[in-house]
Amino acid sequence: MMSFPPCPQCASELAYNDGIQFVCPECGHEWLEGEEAQSEEGRVVKDSNGTVLQDGDSVTLIKDLKIKGSSQVIKQGTKVKSIRIVDGDHDIACKIDGSNMMLKSEFLKKI
């Protein structure tokens with residue numbers, strides 16, 4: 001019997017190869033060969049130019065962003081230091097002018 005890598009999502013040992021990709025019968029996750037290593041390292045978050053972002057990076061906003069629930073705007077060109085990668089729709093946690101913010105990586109450029 002051939003041994004296949006465990007599912008990167010639920011760690012099930014029942015994963016199988018359907019000819020194109022690996023499939024987990026327990027959780028339904030599908031992935032290509034080589035992707036399981038990337039999933040183990042964590043989610044890859046990229047900026048607007050496709051550069052991979054990591055915890056502690058410094059970035060710049062590429063457009064003005066309105067702060068939800070407020071009339072304030074964070075201006076294009078604002079520099080943000082020491083970002084953190086988090087899960088969710090807004091995948092960057094940071095502090096801007098002393099306030100905690102959640103940003104989307106698509107509006108950022110790595111410095």
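Me: How many aromatic pairs does the count come to?
Reply: This is a predicted model, numbered from 1 along each chain as its sequence is written, in which local features need pLDDT of at least 70, side-chain atom pairs count only at pLDDT 80 or more, and totals for chains, interfaces and linings use all residues. Side-chain values use heavy atoms, leaving out hydrogens and water. Rings of Phe, Tyr and Trp (its six-membered ring) pair if their centres lie within 6.5 Å. By this rule, the number of aromatic pairs is two.

Me: Which strands stand at the edges of the open sheet of three strands?
Reply: Strands are DSSP runs (E, at least two residues) numbered from the N terminus, and two of them pair if DSSP finds at least two bridges between them. The order in this sheet is β1-β2-β3, with antiparallel pairing. One side is left without a neighbour in the sheet, because each has a single partner strand, for β1 (16-17) and β3 (30-31).

Me: Which residue of β2 is the bridge partner of tyrosine 16?
Reply: β1 pairs with β2 (residues 22-23) in the antiparallel sense over two bridges. In β2, the partner of tyrosine 16 is valine 23.

Me: Which strand supplies the largest share of the lining of the largest pocket?
Reply: A pocket is an open set of points on a 1 Å grid over the protein atoms alone where a 1.4 Å probe fits, with protein on both sides within 12 Å along at least five of seven lines; lining residues have an atom within 4 Å of a point. β7 (65-66) and β12 (99-103) each supply at least two lining residues. The largest share, three residues, comes from β12.

Key:
Helix = DSSP H or I, 4+ residues; strand = E, 2+ residues; numbered from the N terminus. Phe/Tyr/Trp six-rings, centres within 6.5 Å; stacked < 30°, edge-to-face > 60°.
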